[in-house]
Every structure is written in structure tokens, then in C-alpha cells.
Amino acid sequence: MNANTATLDRNPLLGSPDLPRFDAITPECVGPAIDQLIQQASEALETVTEASFPAKWALLSRTLDVPAERLSRAWGAVSHLNSVADSPELRAAYNASLPKVTEFWTRLGADERLYAKYKAMDPSALTSEQAQAHKNAMRGFVLGGADLVGEAKTRFAWLQERQAELAQKFSENALDATDAFAYFATAEEMAGVPGDVVQATASAAVAEGKSGHKLTLKMPCYLPVMQFAHSGKLRETLYRAYVTRASDQAPGDAIRFDNGAIMGELLKLRHEEAQLLGYRHHADVSLVPKMAESPEQVIAFLRDLAVKSRPFAEKDLADLRAFAAAELGLDDPQAWDWPYIGEKLKEARYAFSEQEVKPYFTAPKVLGGLFQIVETLFEVAIRPDSAPVWNDGVAFYRIERKTAEGTQLVGQFYLDPSARTGKRGGAWMDDVRARWLRPDTGALQTPVAHLVCNFAEGVAENGIVRPPLLTHDDVITLFHEFGHGLHHMLTQVNERDVSGISGVEWDAVELPSQFMENFCWEWDVLKHMTAHVDTGEALPRALFDKMLAAKNYQSGLQTLRQVEFSLFDMLLHSLPEPATTPEAILALQQKVREEVAVLNPPPYSRTPNTFSHIFAGGYSAGYYSYKWAEVLSADAYAAFEEAAKANGRSTLDVATGRRYRQAILEAGGSRPAMESFKAFRGREPSIEALMRHQGMA
């Protein structure tokens with residue numbers, strides 16, 4: 001055995017580990033492992049595309065899907081670490097392998113020989129799950145360029161690789177621009193800021209040998225400063241830094257992270273790719289696998305929502321202006337004043353502040369409450385489990401179900417809750433592996449998920465580390481991501497490409513996540529997941545009633561903001577000629593604002609430059625999905641409200657939960673989302689529940 005073979009034998013990304021060996025994966029092992037896995041999958045592709053190879057689903061799956069899934073899982077582990085534990089060495093290793101991985105998947109999806117094998121299959125001889133996966137695969141071949149020939153095919157492959165590189169660079173710039181900023185504030189400047197944030201920022205300054213308070217642009221720091229700092233000058237400093245991240249307006253040498261040119265090139269390449277495939281523009285391509293039928297339908301949906309919500313948004317703004325002038329002496333509020341004014345008005349109107357609620361939401365208690373809801377509603381049990389992790393703050397759990405034969409493993413998940421340097425901002429769910437009746441062993445592979453958030457960590461007080469405190473918005477975020485996780489983990493589909501979230505239309509995939517958010521507003525649910533960090537007392541009912549009264553506070557403004565982002569995204573990707581310069585992109589954004597917004601940011605604002613959802617996160621011409629799926633999720637939750645009204649009990653109705661689990665969560669992508677929705681509700685969705693839930697009925 002030579003040294004190279006021995007090294008590969010010890011590579012944690014190779015072999016067939018049950019779970020990724022996150023504690024052993026190093027940047028050095030990425031390249032050799034990915035190269036070998038690509039080679040194995042490429043050899044399998046050559047085998048199945050030989051003329052003599054039978055066009056049989058099971059045989060093709062066993063020969064090609066197994067090595068392809070092995071590559072997918074290994075690259076998934078590397079990509080995950082790149083998002084949650086970024087380092088210069090890992091980034092370099094990731095970027096070195098990215099073009100090779102992209103090239104392989106592009107080649108696989110455009111291989112006319114493989115396409116011919118799928119064409120030769122008889123869908124009527126397949127199971128219903130296999131038939132849906134086959135239908136998706138046939139569509140995927142067309143969108144993957146399998147019908148292209150000659151120079152067009154070569155160009156299409158290059159377009160895929162270049163877009164992957166640009167999306168990765170966009171994401172890196174957004175992360176680096178966020179991490180690069182620090183402002184050291186004085187104690188006077190921190191007046192009004194919540195105590196836990198004051199403590200955490202002071203500790204961060206001490207850790208760097210500095211005095212004062214280290215302020216960053218990460219949400220657990222940025223948002224409370226914007227909401228509570230009395231100093232308008234401090235709020236302006238942070239606001240300007242935040243809205244100019246990764247742009248030509250960034251201060252000093254941070255301009256090197258400017259994403260302007262990347263956005264223009266990405267839009268140009270997406271447009272060219274769409275035209276190669278015979279479509280008008282990227283929006284047409286994006287909607288092929290979605291519920292929405294056309295960009296025009298989506299644009300009409302968004303404009304209708306804008307018209308319905310605008311009167312509420314205008315009233316929200318008028319209230320803010322009147323309060324700012326009368327109570328805060330702000331006759332001409334600026335962009336950095338609105339979060340502060342909003343928080344002050346909420347306190348005055350509802351005698352309630354986010355910071356008053358926060359001490360009751362300790363992370364362990366919230367998590368326990370979430371688990372109890374899931375266990376009750378979906379008839380499962382959640383238990384601590386063990387697995388190699390990438391950070392000491394990461395926990396691992398298993399979901400089990402009692403059956404006649406005993407306890408059955410349903411799925412497992414990693415929970416990574418805390419913000420830290422080198423970790424991408426935001427919150428997300430990603431799959432580690434899918435449920436699959438494996439064609440190589442005949443064994444059932446259970447699903448595993450990543451659940452990632454960016455909450456503040458616990459702070460030390462008198463030598464004792466207090467548990468992390470969550471805002472109510474943080475609680476909603478946790479429930480949202482867990483909803484995605486349940487969609488992935490509770491599936492009962494055995495065909496990998498349509499199990500869990502796989503194969504689910506993008507504009508329906510937010511249904512289970514947004515559905516879970518509703519429970520964060522139910523007293524019978526919430527009271528069991530609160531305990532004051534100092535006294536252990538549950539959230540008082542009077543305080544909850546204030547929260548509930550404030551639930552739809554500024555819902556008009558918030559809805560218009562989401563419509564603005566969604567409409568900008570859809571129009572940007574449906575232009576007859578792409579916007580290839582930052583100026584053209586900003587001009588379109590301004591045009592959208594003039595149509596739907598009631599508030600305009602300063603001219604230096606560059607929000608598209610960190611709009612990672614559409615430039616690096618798979619939501620291009622798809623950001624509308626959040627509002628589209630909200631209609632579905634609100635209507636789905638209305639079934640639980642109806643059950644509670646009928647039985648006089650809580651919305652945690654087990655019978656309704658069982659129907660929801662079976663019709664939507666367990667079905668995964670094995671059938672169109674509308675079929676699953678109608679199987680649960682007995683009809684198509686209605687927008688009424690959404691407008692009612694948001695106080696805009």
C-alpha cells in the first residue's frame with residue numbers, strides 16, 4: 001500500500017460512515033476525497049450509459065445513484081463546514097473543489113446518453129414514488145441542458161461553473177464584509193441598550209484588549225442597538241455600515257468586498273442560460289419546477305398583496321411619524337431612527353418591550369417546549385443523541401416513534417444555535433442525508449438534518465454563565481427552521497429524490513416552516529416554554545396579552561417590505577435584457593420602491609449587495625415563495641384553530657396533527673404540493689386566513 005492510498009484510507013470523507021466525522025474533517029482531506037468520489041461517480045456514469053446497460057430503475061439506481069449520493073453527502077459536509085466554521089484554509093480547499101463538483105453535476109444532468117435511458121423507461125412499470133422521481137428527473141434533464149448539442153452544450157456547462165463560482169464569492173464577500181466591521185462604543189453611547197447586550201459587547205472588547213463595547217453587524221448585536229440605543233449618532237454609524245456592506249459605499253478598504261460587479265455578471269449569465277434553453281429569461285426557467293405558473297402570475301399576486309396591505313402600511317407610518325414628533329422630538333426621522341421609534345411606540349402603546357419578554361425565553365426552556373409540542377402533535381419522541389460535531393455548542397438529537405415492534409428511529413438532527421465569527425449569518429435547515437430505501441443494501445436509511453441559527457450566546461455574571469436568552473423573534477425563527485426539519489425528517493417516502501423536502505416545489509417548501517411559527521402565539525403552548533432566567537417564573541399572562549395585542553404591530557409595513565423584495569427579485573429576473581451594472585440594478589430597485597414602498601432609504605443604501613437569498617442562496621426569481629407559502633401555511637393552521645374551537649381545547653389537536661403529518665409532512669415531494677394541501681384541507685388554499693392572522697382582514 002503506497003502512502004497516498006494509506007492517506008485516502010484514513011480520509012474521514014471516504015468510506016461509508018453513518019454520520020459525517022465533523023471533528024476529523026480537515027482542509028487537507030477535502031481535495032483528495034472529492035477527487036476520488038467524483039472519479040467513482042464518473043465511472044458509474046460511464047457504466048450505466050453503455051448501450052448494453054438495461055434501462056431499469058432499480059439497476060440504474062444501484063449502479064449510479066449510490067456513488068453519486070456518496071459524493072453528495074461528502075460535499076454536503078464540506079459545504080456545511082464552509083458555512084459554519086469558515087477559515088482561510090477551508091475556504092481555499094472548498095473553492096479548489098467547487099468547479100470540479102459543479103462540472104460533475106452539470107455533466108450528469110446534461111448527459112444525453114443517461115437522458116436516453118430515462119426516456120426508455122416505462123413510467124407505468126414504476127411505483128408512484130418512482131414515477132414522480134422519474135418525472136422530476138426528465139424535467140431536470142431538459143433544464144440541465146441535455147437537449148443541447150455542440151457549442152451550446154459546452155457553453156451551458158461553462159455557465160453553470162461560472163455561476164457557482166460567482167455565488168460562492170458573493171457569499172464570501174457578504175460574510176467578510178460583516179465580519180470586518182467593528183465599532184468600539186463608549187458607555188455613554190450604549191445608554192438604552194439592553195443589559196445582556198451591554199455585557200456581551202463589553203466582554204467582546206476585553207477579549208481584544210480594548211476598552212468600551214465592541215459592536216458588530218451580526219444580528220444579536222446590531223438589532224438591539226438599532227432598537228434601543230438612545231444615541232442617534234451611534235444608530236446612524238451602525239446603520240450606514242450595515243446597508244453599505246459588500247458595496248462601493250463601504251468605508252475604507254472594506255470596499256474590496258464589493259459585490260456590485262458579481263451581481264451584474266450573475267444576472268447576465270442567468271439570462272444567457274435561459275435563452276440557451278429556449279426561455280425568455282431566468283424567471284421563466286426558475287418557475288418551471290414551482291407551483292406558480294408564470295412570472296406574470298407571481299407579479300400579479302404580489303401587486304394585489306401590495307394594494308391590500310398598503311392602507312395598513314400607511315397608517316403604521318403615520319402613527320410612527322406622529323409619535324416621533326410628539327414624544328421623541330424627531331420631526332424629520334431618518335432611516336436609522338425607525339427601529340428605535342418603532343420600539344418606543346410599541347412600549348407606549350402596549351406597555352410592552354421585547355426586552356421585558358426576553359428574560360423569560362431561556363434557550364433550554366424554549367427548546368424543551370418546542371420538543372414537547374412536536375412530540376404531542378406528531379406522536380414522536382425527541383431524545384439527546386451523540387455524534388461528532390464541529391463546535392462545542394452544537395447538540396445532536398434523535399426522533400423516535402413507538403410501533404407495535406418497539407421503538408423506531410425516524411430521523412436525527414444537529415442543532416447549532418449561536419452566532420460566532422466565521423459562521424454565515426441568518427438561519428437555515430439543510431439535509432445531511434435523505435430517507436432512502438437503499439438499492440445497494442436494501443436497508444432503510446433514515447434522514448438527518450442540520451438546524452442552524454445565529455442567536456446570542458449566554459453571558460457570564462459573577463463567574464456563572466447564564467443560559468442564552470432569546471427574543472420572541474428568535475423563538476419564531478427556531479420554530480420556523482424546525483418546521484423545515486420536520487418536513488425533512490418525518491417523511492415516510494422511500495425514494496430519495498422525492499422524500500422529505502426533495503422534489504417539493506420551492507414555493508411550497510416554506511409551508512411547514514411558517515406553519516410552526518403560529519404556535520409561538522398560543523398561550524397554552526407558550527406558557528410551558530418560558531421560565532425567567534433569575535426567578536424561574538413562567539411568562540405572566542398579562543405580559544403575553546400585551547405581546548398578542550402587539551402581534552400585528554406594523555404588519556402593513558412588514559408585508560410591504562417583503563413584497564418589495566419579492567417584486568424586485570421577480571422583475572430583476574424577468575427583464576427582456578438583463579441588468580448588468582450596479583446602477584441598473586439600483587434603478588430597478590428604486591422603481592419598485594416608488595411603486596410599493598412607503599419608506600425610502602438613503603441614496604447610499606446598497607441592500608442588493610447582500611441579498612444572498614437571490615444571488616447565492618437558490619431563491620433567484622423565487623423570493624416570492626415566502627409570501628406564496630404563507631397563504632398555504634396560514635390556511636393549514638386554520639384547520640387547527642377550527643379543531644380547537646370545535647373541541648374547546650388547545651390547537652395542539654392530535655387528530656388534526658396526525659392528518660397534517662400524513663398528508664403533508666410524510667408525503668414529502670412524492671406528489672404535487674397542491675395535491676398534498678387538498679388532501680389535508682379538502683380544498684384549494686384561500687388568502688383569507690393570512691390576512692386575518694396579520695390583522696389586515
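The lining of the second largest cavity is made up of four nonpolar, four polar and one charged residues. In this count, Ala, Val, Leu, Ile, Met, Phe, Trp, Tyr, Cys and Pro are nonpolar, Asp, Glu, Lys and Arg are charged, and the others, Gly among them, are polar. The structure is a predicted model, in which local features need pLDDT of at least 70 and side-chain atom pairs count only at pLDDT 80 or more, while totals for chains, interfaces and linings use all residues. Residues are numbered from 1 along each chain as its sequence is written, and side-chain values use heavy atoms, with hydrogens and water left out.

On a 1 Å grid over the protein atoms alone, a cavity is a set of points where a 1.4 Å probe fits but cannot get out, whereas a pocket is an open set with protein on both sides within 12 Å along at least five of seven lines; a lining residue has an atom within 4 Å of a point. Grid points are joined across faces, edges and corners, and a volume is the space filled by probe spheres set on the points.

Two cavities of 30 Å³ or more are present in the structure. The second largest cavity, with which this passage opened, holds about 60 Å³ of space. Its lining consists of L267, H271, H281, H282, L572, H573, L575, E577 and P578. The largest cavity holds about 110 Å³. Its lining has 14 residues, and H487, V504, I664, A673 and S676 are the closest to its centre. Helix 18 (511-517) and helix 26 (673-681) are the elements that give two or more residues to this lining; here helices (H or I, at least four residues) and strands (E, at least two) are DSSP runs, numbered from the N terminus. Helix 26 supplies the largest share, four residues. By class, the lining of the largest cavity has nine nonpolar, three polar and two charged residues.

Turning to the open spaces, the second largest pocket has a volume of about 970 Å³. A total of 36 residues line this pocket, and A200, T201, A204, A456 and E457 lie nearest its centre. Two or more lining residues come from each of helix 7 (150-180), helix 8 (195-207), helix 9 (219-228) and strand 10 (460-461). Helix 8 gives the most, with nine residues. The lining of the second largest pocket divides into 17 nonpolar, nine polar and 10 charged residues.

One of the residues in the loop between strand 1 (183-185) and helix 8 is M190. Is M190 buried or exposed? M190 counts as buried because its relative accessibility is 4%; buried means under 20% relative accessible area, exposed over 50% and partly exposed in between, with a 1.4 Å probe and protein chains only. Neighbours within four places in sequence aside, M190 is in contact (heavy atoms within 4.5 Å) with A185, V198, T201, H213, L215 and L234. M190 and L215 are 25 residues apart along the chain, and their C-alpha atoms are separated by 10.0 Å.

Another buried residue is H488, with a relative accessibility of 2%. H488 is part of helix 17 (residues 472-489). Apart from neighbours within four places in sequence, H488 is in contact with M429, D431, R433, A434, P447, V448, A449, G500 and I501.

Backbone angles draw attention to two loop residues. A351 has a positive phi, near 50 degrees, in a residue other than glycine. A351 sits in the loop between helix 14 (338-350) and helix 15 (354-357) and, at 42% relative accessibility, counts as partly exposed. Q554 likewise has a positive phi, near 60 degrees. The loop that holds Q554 runs between helix 20 (541-549) and helix 21 (555-572), and Q554 counts as buried at 16% relative accessibility.

Finally, helix packing can be considered. Two packed helices are described by the angle between their axes and the distance between the axes. The axes of helix 3 (residues 57-84) and helix 5 (residues 112-120) come within 10 Å and cross at roughly 150 degrees. Axes are lines fitted to C-alpha atoms, for helices over the stretch in contact, and angles run from 0 to 180 degrees between N-to-C directions. Helix 3 and helix 5 are therefore roughly antiparallel to each other, given that angles under 35 degrees count as roughly parallel, over 145 as roughly antiparallel, 65 to 115 as roughly perpendicular and the rest as oblique. W57, L60 and L64 of helix 3 make the contact with L114, K117 and Y118 of helix 5. By class, this contact has five nonpolar, no polar and one charged residues.
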